[in-house]
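Here is a short briefing on one protein chain.

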Amino acid sequence: MIYDNLNNIAFYKGLSPDIYEGLKFLQQVNPDIAVGTYQLTPNVKAIVSEYTTKEVNENGYEAHRQNIDIQYLLKGNEKIACLPVEELSETKPYSEETDAAFYNAASDFSPSTFYLRSGYFAIFFPQDGHMPQLCVNELEKVKKVVVKVRSYY
């Protein structure tokens, strides 16, 4: 997992051309962009959504096999919990259609938590179980971009 400010994307240029393309998109995206899916390159797409954060995410943690997630908030604040997949217990098997499996914490290992807000992004790799959509202090409506980068791991 990577958590950083968009002002630092030059540090990630050598990580992957596709990840860098997604970060450049986030750096210039207009907060008024319409909800929907935007194909940026053959390996990179951006999904813009709006929702209200939750006190508890009933889906638990999620992890992906085919895509790396780059998550970024255009409006609002959100807390995200993160644990390595090996510290999780599967509750819903992997679906190729949704590229997701869902989990609960399998140990007393404390998750890393951080706050996502405009200007900051998080990158989740296939080994990173993550639980997004959590409220910071109170429920609030957010607008989020999730850039899906095809993974070759």
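The residues lining the largest pocket divide into six nonpolar, seven polar and eight charged. The model is a predicted one.

**Largest pocket**

- The volume of the largest pocket is about 410 Å³.
- Its lining has 21 residues, and those closest to the pocket centre are Glu62, His64, Asp69, Val146 and Lys148.
- Five strands each supply at least two lining residues: β3 (44-52), β5 (67-75), β8 (100-105), β11 (128-134) and β12.
- Strand β3 gives the largest share of the lining, four residues.

**Helix α1**

- Helix α1 spans residues 17-28, twelve residues in all.
- From first C-alpha to last, α1 reaches 17 Å, close to the 16 Å expected at 1.5 Å a residue.
- Its buried residues are Asp18, Ile19, Tyr20, Gly22, Leu23, Phe25 and Leu26.
- An α-helix has 3.6 residues a turn, so residues three or four places apart point the same way.
- The cover over the buried residues of α1 includes β2 (36-41), β3, β5, β10 and β12.
- Strands β3, β5 and β12 also each supply at least two residues to the lining of the largest pocket.

**Ala122**

- Ala122 sits in strand β10, residues 120-124.
- Is Ala122 buried or exposed? Ala122 counts as buried because its relative accessibility is 0%, and the cut-off for buried is under 20%.
- Beyond its neighbours within four places in sequence, Ala122 contacts Ile2, Tyr3, Asp69, Ile70, Gln71, Phe114 and Leu116.
- One of these contacts, Asp69, is also among the lining residues closest to the centre of the largest pocket.
- Pro17 lies 105 residues from Ala122 along the chain, and their C-alpha atoms are separated by 17 Å.

**Ser151**

- Ser151 lies in the segment after β12, a strand covering residues 141-150.
- Ser151 counts as buried because its relative accessibility is 9%.
- Which residues does Ser151 contact, leaving aside its neighbours within four places in sequence? They are Arg65, Gln66, Asn67, Ile68 and Pro126.

**Cysteines**

- A disulfide is a covalent bond between the sulfur atoms of two cysteines.
- The count of disulfides in this model is zero.
- Cys82 is in no disulfide, and the nearest cysteine sulfur, that of Cys135, is 18 Å away.
- Cys135 is likewise in no disulfide, with the sulfur of Cys82 as its nearest cysteine sulfur at 18 Å.
- Cys82 is buried, with a relative accessible area of 9%.
- Cys135 is buried too, with a relative accessible area of 10%.

**Positive phi**

- Most residues other than glycine have a negative phi.
- Asp99 is not a glycine, yet its phi is positive, about 50 degrees.
- Asp99 is found in the loop between β7 (88-95) and β8.
- At 4% relative accessibility, Asp99 counts as buried.
- Gln133 also has a positive phi, near 70 degrees, in a residue other than glycine.
- Where is Gln133 found? Gln133 is in strand β11.
- Gln133 is partly exposed, with a relative accessible area of 22%.

Key: Residues are numbered from 1 along each chain as its sequence is written. This is a predicted model: local features need pLDDT of at least 70, side-chain atom pairs count only at pLDDT 80 or more; totals for chains, interfaces and linings use all residues. Side-chain values use heavy atoms; hydrogens and water are left out. Buried means under 20% relative accessible area, exposed over 50%, partly exposed in between (1.4 Å probe, protein chains only). Contact means heavy atoms within 4.5 Å. A disulfide is a pair of cysteine sulfur atoms within 2.5 Å. On a 1 Å grid over the protein atoms alone, a cavity is a set of points where a 1.4 Å probe fits but cannot get out, and a pocket is an open set with protein on both sides within 12 Å along at least five of seven lines; lining residues have an atom within 4 Å of a point. Grid points are joined across faces, edges and corners, and a volume is the space filled by probe spheres set on the points. Ala, Val, Leu, Ile, Met, Phe, Trp, Tyr, Cys and Pro count as nonpolar, Asp, Glu, Lys and Arg as charged, and the others, Gly among them, as polar. The expected span of a helix is 1.5 Å times one less than its number of residues.
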